[in-house]
Amino acid sequence: MSSIAQLPPANDFSATWTFLENGLDQIMNRLEEGLDRTRYSILYSAVHNFCARGSPPQTAGAAGSYSGPLNHRAATHLIGAELYNSLSKWLEDHLTKIRTESEKFMDEALLQYYTKQWIRYTTAARVVNNIFMYLNRYWVKREIDEDRKNDVYDVFTLTLVCWKRHMFQFVHHNVIAAVLKLIERERNGETIETGLVKNIVESFVSLGLDTTDSTKSNLDVYREFFETPFISATEVYYTTESEKFITENSIPDYMKKADVRLGEEENRVQMYLHESTHKPLISKCETVLVKNHTEAIWEGFQSLIDLDKQDDLHRMYALLARIPEGLDPLRVRFETHVRKAGLGAIERIAQQETVDPKTYVDALLEVHRKYNDLVQTAFSGESGFVAALDKACGEFVNRNKVCKNSTSKSPELLARYCDSLLKKSAKNPEENELEDVMNSIMTVFKYVEDKDVFQKFYSRMLAKRLVNGTSASDDAEGSMISKLKEACGFEYTSKLQRMLTDMSLSKELNDSFKDTMQQSYDTSGTNVDFNILVLAANQWPFSAPTTSFNIPEDVIKTYDRFQKFYQNKHSGRKLTWLFQFCKAELKTSYLKGSKAGYTLQVSAYQMGVLLQYNNGISYSFEDLQGSTALSPEVLSSALGILVKAKVLLLSNGEKVGDTGSRYDLNFDFKSKKIRINLNFQMKTEQKVETDETHKTIEEDRKYLMQAAIVRIMKTRKVMKHVALIEEVITQLQSRFKPRVPDIKKCIDILLEKEFIERVDGQKDMYSYVA
């Protein structure tokens, strides 16, 4: 074939190399002119024939392009050293010419030249590698496997090694300097050819050769010759710029500048740097732009939060979050600021003579809502700021001007606010709005330390709402209890839930009683409508009456019938009548002011007083006390409201309850209302009830602390004094925060009762008495 005739003799190295040298010149210098398949095959065959001479006969393909396997015996006859060494020398000479040419260029022109030659060289190198593939497969492989020569590589790797030795080592200083200048120009706002930098970077990465394995590479060259000087230059550039900028501009402006610069460096990595540079580059920028200026940035925090500059605060947060412990001072200052804001809001309210529960809770919520929004937006809901907010709120909720005497004031006012929301009123919010308000209440409740105080007041107020029928909604009552249960557990709300259950059971009991009355008695002539609530004694916050009471004759018959009905239904149960919580409606027939007559809504004790006037129109205090059997204090309270409302008129006495004072029925009583509510507490009674509630709370706490001490000692057997106190606080802090002096008193009580004892007379060591 004609193509075979063009091949040099296989045993003539000089002719073979001259032939290959012409091909190398075309590939390396004029590849753009094209290399046809025939020319490529002949060049491949020339390498094959020279290396394979002396081997056993083999079947050649077209143009001698054999690529089949050789057995071990055949491989030992392969020759390639002369060819390999000549190729290395040719590449050295070729690169020397390129290097000499490069000395004409500087800066960007040098980068243009270097990039152009690199692309041309590596493209040609891949073609050369394919032509010398036979040399790679056998001679090079054998040399490497038998470790005859360490400085032998596959041909493509050889081309890169030669570039590194004969080109890169001589020009890299100027190339790096040019690249850094170009990047600095871009940082100064100029538009540069980023593709140029990208090509230079990729060339440095490609020169990271693993000489033991051509399929692997490393970043040693890139890091040593590009990344390290680049990072150093970056540090110098931004150190100079940041120090100048921060002295001439405000902190918000500096943060904007730093934020923009960090964003630019992020983009720079994506555009033309190796991804591995991201971490060291951004870390260095964060150090120079943020860490080195933390003091100045921290100092700007207070003015930003005072002015509610949320965008600037978020930028500050985002910058400082980049460095270790950068946010710590902000969290401390934020906590202090929120605490001051909360205390200030309550201080304005505390100036009022009587603190309105709604105003108080709304003020707490307003501060929390404002700074919670700030945490979520400016600080991205970061856990450290959430904790700082919680700590600050815990402080101003429990220790403020209103709570100056006791931390129990906040839970009491919160319970009273709940009572006003859940009680029937013309101002009751809509159902959806009520749910939102209750969720807000739970926000404040979360920060309340004395949750047992809230429980006691809420329990009493819930009981009154249920007994008096003043709950706005059964669903709302149930929803609130569910929220409390979710926050504090089943035990916290078990009694509250039982109250609702008792109300349902009492409705069924009333229906059953009315059916029994209709079946067993003639009720056609009675004018008494009777409803009863039967409540479990241990679940409701009520105690037995403090006064005796004679049930009026108008009611006694129905009262006796219910007693009998209930005993038949539940034998063995004892009913304790809570007359202080009973109420009645009395229809008047003696007044001319209203044709339909007035309906007086009264307490059971007021009813007992007024029904006496069916038999007379004037009674002395002693007469009324004898007929009702009420104690003087209770009778005075009942009469006080009736006299104040002018249903009765006081005569023969300066004030209600005086000895010899008389109370006359007022026949000239008038009112714009048809239904007149006389069943309400006096302020003195409310104060007494509040004081009693606090007294009950203190008693309950003593028992809880004693129970906790016994429980702990029973488990631990022996404990030191300090450890025991800490354990008691830990166990009870979800309900209230025990005071150390109170715990010590409880320990003394248990020592006296011999539940625990001191170990060998030691004052600070206790043991459990089994």
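Start by selecting aspartate 107, which is partly exposed, with a relative accessible area of 35%. The model is predicted. Aspartate 107 belongs to helix α6, which covers residues 107-131. Display the backbone torsions here: phi of aspartate 107 is near 55°, a positive value in a residue that is not glycine. Most residues other than glycine have a negative phi.

Next, select lysine 646. Is lysine 646 buried or exposed? Lysine 646 is exposed, because its relative accessible area of 53% lies over the 50% cut-off.

Now move to the helix pair. Select residues 721-732 for helix α29 and residues 740-752 for helix α30. Their axes are 11 Å apart, and the helices pack at an angle of about 115°. α29 is therefore roughly perpendicular to α30, a class that runs from 65 to 115 degrees. The crossing of α29 past α30 is right-handed.

Which residues of α29 meet α30? Show side chains for His721, Leu724, Ile725, Val728 and Ile729 in α29. On the α30 side, show Val740, Ile743, Lys744 and Ile747, which these residues meet. Colour the contact of α29 with α30 by residue class: seven of its residues are nonpolar, one is polar and one is charged.

How values were computed: Residues numbered from 1 in each chain as written. Predicted model: local features only at pLDDT ≥ 70, side-chain atom pairs only at ≥ 80, totals over all residues. Heavy atoms only, no water. Helix = DSSP H or I, 4+ residues; strand = E, 2+ residues; numbered from the N terminus. Buried < 20%, exposed > 50% of the residue type's maximum accessible area, 1.4 Å probe, protein only. Axes fitted to C-alpha atoms, helices over the stretch in contact; angles between N-to-C directions. Parallel < 35°, antiparallel > 145°, perpendicular 65-115°, else oblique. Left-handed = near helix turned anticlockwise from the far one by under 90°. Contact = heavy atoms within 4.5 Å. Nonpolar A, V, L, I, M, F, W, Y, C, P; charged D, E, K, R; others polar.
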